[in-house]
Amino acid sequence: MDLKNQVAIVTGGGSGIGRATAIAFARAGASVVIANRNVERGEEVARLICSTSGRAIFVKTNVAQASEVEAAVDRAVREFGRLDIAFNNAGIDGSHLPLAEQSETDVTALLDVNVKGVWLCMKYEIGQMLKNGGGAIVNNSSIFGLNGYPTWSVYTATKHAVTGMTKAAALEYAQQKIRINAVGPGPIETPLLEVGTGGNPHSYAGFVPMGRIGQPEEVANAVVWLCSSAASFVTGHTLPVDGGVCAQ
Ligand SMILES: NC(=O)c1ccc[n+]([C@@H]2O[C@H](COP(=O)([O-])OP(=O)(O)OC[C@H]3O[C@@H](n4cnc5c(N)ncnc54)[C@H](O)[C@@H]3O)[C@@H](O)[C@H]2O)c1
């Protein structure tokens, strides 16, 4: 899967699935903009890519702030000349509680980052891709964007929003050569799952038909494929990368 001469942006590229995907994009030949809220982690990934002969920059970005998302897209174009690929991955999981015990503060944060953040990213990325004559966007949904799970109600709502926004946007831009898809990861060994499971991410292996949780690189491979010309007729799809969870 060749992404040579292409320019990619990865939100939340400082850790977990975003980090693995930023590295995979660079290995496939793309220049990568890492847009992350956490400076230390984002800079570390950019340095790592540059130290292995890749091209990457870090831009401090909160995806819930329009001006910061717009600035990250502008910086990609200033630095590398265009924008071809985007992985809208930044997300949070909130508190794992029954719906009636969720707080308004948590719900607002989840909607701001997971829904408004993906919308803002697509808004500015699409604006730029229309100038280029096309592009490929992948949003990070979840198996929770396809199914429901107890104690994850609000997170599940945000990920269903990502799945739905992906479908509608794909239809809006299909004729302008912008493909828009999503991935639906199952439990993946990242800091988010580590915290969400109280330090034991492998406790989720029992929910997975394959009997194990996934690795960030296994999601990254699917994202690279969706962004590559190998997926040229795929749009509007949410691809589960879940060891079989959604097949049950
Ligand atoms: N790990 C899993 O099991 C799993 C499963 C399904 C979906 N996901 C989704 O994958 C995505 C990445 O999760 P992960 O597991 O790699 O988590 P992670 O916590 O390792 O990485 C998330 C990254 O996003 C960044 N981030 C958070 N809020 C941000 C904001 N407002 N603006 C910019 N950056 C921000 C964080 O700094 C971090 O670098 C999320 O959208 C998550 O919902 C994860």
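I started with Glu43, which is found in helix H2 (residues 39-51). Helices here are DSSP runs of H or I with at least four residues, strands are runs of E with at least two, and both are numbered from the N terminus. Glu43 is partly exposed, with 16 other C-beta atoms within 10 Å. For the burial classes I used this scale: buried means 20 or more other C-beta atoms within 10 Å of a residue's own, exposed means 12 or fewer, and partly exposed lies in between, with C-beta atoms placed from the backbone. I also looked up Glu43 against His96: they are 53 residues apart along the chain, and their C-alpha atoms are separated by 30 Å.

Residues are numbered from 1 along each chain as its sequence is written. This is a predicted model, where local features need pLDDT of at least 70 and side-chain atom pairs count only at pLDDT 80 or more, while totals for chains, interfaces and linings use all residues.

**Val59**

Next I went to Val59 in strand S3 (residues 55-60). Val59 counts as buried, with 22 C-beta neighbours inside 10 Å. I checked its distance to Gly42 too: 17 residues apart in sequence, 7.8 Å apart in space, C-alpha to C-alpha.

**The ligand shell**

I counted 31 residues around the ligand, the closest being Gly12, Gly16, Gly91, Thr190 and Leu192. The elements giving two or more residues to this shell are helix H1 (16-27), helix H4 (104-132) and helix H6 (191-196). A residue is near a molecule if its C-beta atom, placed from the backbone, lies within 6 Å of it. By class I find twelve nonpolar, 16 polar and three charged residues in the shell. In that tally Ala, Val, Leu, Ile, Met, Phe, Trp, Tyr, Cys and Pro are nonpolar, Asp, Glu, Lys and Arg are charged, and the others, Gly among them, are polar.

**Helix H1**

I stayed with H1 for a length check. Its twelve residues should span 16 Å at 1.5 Å a residue, and its end C-alpha atoms are 17 Å apart, which agrees. The expected span is 1.5 Å times one less than the number of residues. H1 is mostly covered, as eleven of its twelve residues are buried; among them I noted Arg19, Thr21 and Phe25. After H1 comes Gly29, with a positive phi near 110 degrees.

**Helix pairs**

H1 packs against helix H7 (residues 216-227) at an angle of about 50 degrees, with the axes 8 Å apart. Axes are lines fitted to C-alpha atoms, for helices over the stretch in contact, and angles run from 0 to 180 degrees between N-to-C directions. H1 and H7 are therefore oblique to each other.

The scale is under 35 degrees for roughly parallel, over 145 for roughly antiparallel, 65 to 115 for roughly perpendicular, and oblique for the rest.

**Positive phi**

Most residues other than glycine have a negative phi, and I looked up two exceptions. Asn5 has a positive phi of about 65 degrees and lies in the segment before strand S1 (7-11). Asn5 is exposed, with 12 other C-beta atoms within 10 Å. Thr151 has a phi near 70 degrees and sits in the loop between strand S5 (135-140) and H5. Thr151 is partly exposed, with 15 other C-beta atoms within 10 Å.
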